[in-house]
Amino acid sequence: MTKIGPTIVSAAIGIMNTARGFGLNDRWVVVALLGVGAVLRLAALDLHSLWLDEATSLQFARHATRGCLLAEVNNPPLFRLLLHGWIRLGPVGSDVWLRLLPALFGVLTCVAFWPLARRILERRAALVALALLIFNPYHLLFSQEVRAYSLLILLGVVALLLHFRTQQRPGSWGSGVAYCAVLAAGLHTHYQFAWVALVLGVHRLVALRGRSLREGAALLAPMVAAALLFLPWVLIFLSRVTAQQRGYTTDLLGRVASLPFMLLLGESAVVRQYPLPHREVVLGHLWLVVPFVLAIAPLLFWGVRSLWRKRPEGRLLLLVGAVPMVALALLFPVLPLFTARYLAFLIPVVCVVVAAPGEGPRRGEAKGGRRWPVLAALGVVLALQLLSLVRYHADPAFGREDWRGVARYVTRHQVPGSVIVFDKHYVQIPFDRYYRGGAPRVGLPDSDQDREQLLARLAAQYDGRVVLVVSHAWNTSPPSTRVLSRTLCERRARIFRRSNGIEVHLFGRCPKSAGVADRGVADRSSIFTDGRAPSTLTRELE
């Protein structure tokens, strides 16, 4: 891998130099990279079915405008309002149309990133940073997901660009209004954008030294106006927010350590299949993780040092990256929000930091002996990105929850007169997106006692013909499969192992000869003993 790395980067640099030799300047290299980025983000938009969060976003967006605005307060309303308008322009039943909106945001991010990278880095390093973003599997994932993250990343890049522009020309009211609009839009897209706004605001306050009163007012006006525009939503949030339980409040060290890996290689590099824990998955991919760690550690060190020493824009970029990570890590015991997904707006920041060591020495500086180690490390990262992209498109084990496959399976195997029961009521949302049958569907309540009583009534009402769909049920006790197994026999079960996993259990009346030991599945772990397919497990109990 270390031999492949410098070969890839050297070949890329050679291609760029050859192109310039034929009269093709950097502009055409950038255009070519942006074209590749657009193809990657706009192709195969329906490769994977919508998963739970995407289907929930769509459900909120289908409300009337006021209902869409106030559908939830866990996320600000801008993206779902945009989606609300978008689904009225095209076929709402098309996954391609739904994902086209975030894909366009992803393409625009690549376009806006080039001037940002060029402002902070010299030409060659800026091209490397652009390539790191173009081939970034995590950014590709968010560009093909009906969620707010691709818009969040775009607004983060544009906010930095406008911050630099208005800092240099505080009297430009057009740029000031645009900057205010972008800051307000970012705050209304995702709460984590507040960290970006905070860093930029403090930087703007520091920049007031030596400025006239008029220039100071022009510098602060966009920040103050954006905060005032966000205030109404803050009041709505405070009036409606409720305490929530989160099932992931541990392993902060692992989340911090894996953040560079996620931001550069994404979830498709190390494919996790339910029910394997993350630690086992990582141990099974040490051949991929170890080269990445050996490559990324020196790149991050050299990149941080280079940006901090050479340019004030680089120092601000480092603060935009560091402040959210440190703050969320410190708040994790009371507010467990340190996840790579919530920090997706740092993808462009990491691309710049990793590419910064590729800069040559400035005039008057001694040439260092790290050119080939930098090329090798960058080549390893790019090679692993390409591997992750291949897995993203070609690995049948990768993907979000396969609700399209679940709906087909249930339609094919359900017995006439069955009822479909969802262990968690909200997982019915993505299932209904793809299910075309007419069977009644019921979501179970959160209370364990109410859940057991409802399962008993449904089993009696439908003569034991129950299809149980289980997903996101890590805090259900006792498992609904065990509750049904007290009175029914499990005829068929299938596990869709992608990501969080989906279990489908088909129950029926037990034969008169069946004893208690023959009913259902006494131990849920026995479902996972069949390994006939790489992406799904099936157990036939008939």
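User: What does Phe 113 touch, leaving out residues up to four places away in sequence?

Analyst: In this predicted model, Phe 113 touches Ala 129, Leu 130, Leu 133, Val 157, Pro 348, Cys 351 and Val 352. A contact here is a pair of heavy atoms within 4.5 Å.

User: Which residues touch the most other members of the largest nonpolar core?

Analyst: Phe 113 is one of them, along with Leu 83, Leu 121, Leu 200, Leu 307, Ile 420 and Phe 431, in a core of 140 residues. There is also a second, separate core of 15 residues, which includes Leu 454, Leu 455, Leu 468 and Leu 488.

User: Why is strand β5 called largely enclosed by the rest of the structure?

Analyst: A residue counts as buried under 20% relative accessible area. In β5 (residues 502–508), 7 of the 7 residues are buried, so the strand is largely enclosed.

User: Which residues of β5 point one way, and which the other?

Analyst: In a regular strand, side chains alternate between the two faces of the sheet. Ile 502, Val 504, Leu 506 and Gly 508 point one way from β5, while Glu 503, His 505 and Phe 507 point the other way, and all are buried.

User: How do you know that β5 pairs with β3 and with β4?

Analyst: Two strands pair if there are at least two bridges between them. β3 and β5 have 5 bridges, in the antiparallel sense, and Val 469 has Val 504 in β5 as its bridge partner. β4 (residues 489–496) and β5 have 7 bridges, also antiparallel, and Arg 492 stands opposite Leu 506. With 5 residues between them, β4 and β5 form a hairpin, and Ser 499 in the turn has a positive phi of about 55°.

User: Why is Met 325 called partly exposed?

Analyst: Partly exposed lies between the buried limit of 20% and the exposed limit of 50%. Met 325 has 31% relative accessibility, so it counts as partly exposed. This residue sits in helix α16 (residues 312–331). Leaving aside neighbours within four places in sequence, Met 325 is in contact with Leu 259, Phe 338, Leu 343 and Leu 346. The C-alpha atoms of Met 325 and Leu 343 are 8.0 Å apart, although 18 residues separate them along the chain.

User: What makes helix α9 mostly covered?

Analyst: Of its 20 residues, 16 are buried. Across the protein chain of 542 residues, 53% count as buried.

Key. Residues are numbered from 1 along each chain as its sequence is written. This is a predicted model: local features need pLDDT of at least 70, side-chain atom pairs count only at pLDDT 80 or more; totals for chains, interfaces and linings use all residues. Side-chain values use heavy atoms; hydrogens and water are left out. Helices (H or I, at least four residues) and strands (E, at least two) are DSSP runs, numbered from the N terminus. Buried means under 20% relative accessible area, exposed over 50%, partly exposed in between (1.4 Å probe, protein chains only). A nonpolar core is a set of buried Ala, Val, Leu, Ile, Met, Phe, Trp, Tyr and Cys residues joined through side-chain atoms within 4.5 Å.
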